[in-house]
Amino acid sequence: EGGRHILSDCLGGANSWILLSLCPTGGGGCPLGVCLQSQFVGRYVTLPGRARIWTVSLCPEQGEGRTPLVLVHGFGGGVGLWVLNLDRLGARRPLHAFDLLGFGRSSRPPFPHDAQGAEAEFVRSIEDWRREMGITTMILLGHSLGGFLAASYSLTYPERVKHLILVDPWGFPVRPTDPSQIRPPPTWVKAMAAVLGRSNPLAVLRVAGPWGPGLVQRFRPDFKQKFAEFFEDDTISEYIYHCNAQAPRIHLLPRELPITLIYGAESWIDTSTGRRVRELRPHSYVRHLAIAGASHHVYADQPAAFNAAVQEICDSVD
């Protein structure tokens with residue numbers, strides 16, 4: 001009952017909630033209840049448009065008054081993928097992880113059929129979720145696609161973010177916009193796609209340039225199939241390319257917003273992004289670190305090192 005009272009107070013009671021840690025299976029087949037040592041709350045947060053975002057929260061008593069840490073998963077992920085991180089990262093401050101719309105247990109509302117519109121919808125849903133949760137400011141951490149969206153959110157609502165943590169984030173050089181510059185893919189691009197396309201799904205996009213959307217469709221048709229009920233055209237392929245073919249407009253963030261980029265030392269993500277961010281923000285706090293022995297899923301490959309790095313960042317905030 002004491003744990004229930006603490007958690008209820010922390011979450012403000014604006015939405016219905018379930019204390020999943022008391023359930024052997026975590027409720028609804030959720031595996032977190034048998035994996036975590038901490039008490040946590042799992043609930044649906046209803047947005048103004050009636051879409052619902054599945055949210056898991058840890059609110060330790062000793063974390064009262066500290067800035068909450070918010071985790072945003074990557075493409076095809078969900079809150080369950082943070083299972084090796086939640087106990088440690090939520091031990092001394094409020095922590096919230098949620099399923100993005102269209103993923104995990106969250107609603108699957110219709111999205112705009114263009115990449116920019118879809119991105120704006122994701123950002124709007126995160127802001128709606130923040131308001132419903134009653135969070136004033138947060139430490140925002142995003143992995144992969146979640147990193148791209150966390151950066152995009154911070155561009156739109158910088159006053160809500162005390163520290164931006166980007167973990168192996170999507171983001172690559174801008175593709176040509178002039179149709180005269182777009183040519184059929186040369187043989188070397190096709191050859192690289194054939195070799196890398198399935199085992200390294202996004203690596204080829206670094207060098208494919210304007211041929212990227214076609215390569216996504218050809219070598220990862222499963223992406224389009226997973227979202228077939230929402231998109232009859234090539235929206236999902238275009239969106240994946242959009243996220244990876246342009247670096248988030250990081251130089252537009254306020255100078256005072258600190259940024260840390262965390263990469264797996266063995267990841268196929270382009271780690272030079274961190275160096276480019278430092279060059280774009282010479283008078284701002286930008287830290288770039290690589291975790292040894294980790295690939296793209298840094299938080300799962302080397303959870304102890306990842307948790308220690310994130311906790312250090314959080315402790316620097318308050």
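What percentage of the 318 residues in the protein is buried, and which residues of the largest nonpolar core touch the most other members?

Reply: Happy to! This is a predicted model, in which local features need pLDDT of at least 70 and side-chain atom pairs count only at pLDDT 80 or more, while totals for chains, interfaces and linings use all residues. Residues are numbered from 1 along each chain as its sequence is written, and side-chain values use heavy atoms, leaving out hydrogens and water.

Buried residues make up 53% of the 318; buried means under 20% relative accessible area, exposed over 50%, and partly exposed in between, with a 1.4 Å probe and protein chains only. The protein has 12 helices and 8 strands, which are DSSP runs numbered from the N terminus (helices: H or I, at least four residues; strands: E, at least two).

Now for the core. A nonpolar core is a set of buried Ala, Val, Leu, Ile, Met, Phe, Trp, Tyr and Cys residues joined through side-chain atoms within 4.5 Å. The largest one has 41 residues, and Phe-98, Leu-100, Trp-129, Leu-140, Leu-164, Leu-166 and Ile-250 touch the most other members. At least two residues of this core come from each of β3, α3, β5, α4, β6 and β7.

Let's follow Ile-250. Setting aside residues up to four places away in sequence, Ile-250 is in contact (heavy atoms within 4.5 Å) with Ala-151, Leu-164, Leu-166, Ile-259, Val-277, Leu-280 and Arg-281. Val-277 is a buried residue of helix α10, which spans residues 272-280, along with Ser-272, Thr-273 and Gly-274. The cover over the buried residues of α10 includes β7 (259-264) and β8 (286-291).

Among the residues making the contact are Phe-122 and Ile-126 of α3 and Phe-148 and Leu-149 of α4.

Finally, there is a second, separate core of 28 residues, which includes Leu-36, Trp-54, Val-56 and Ile-313.
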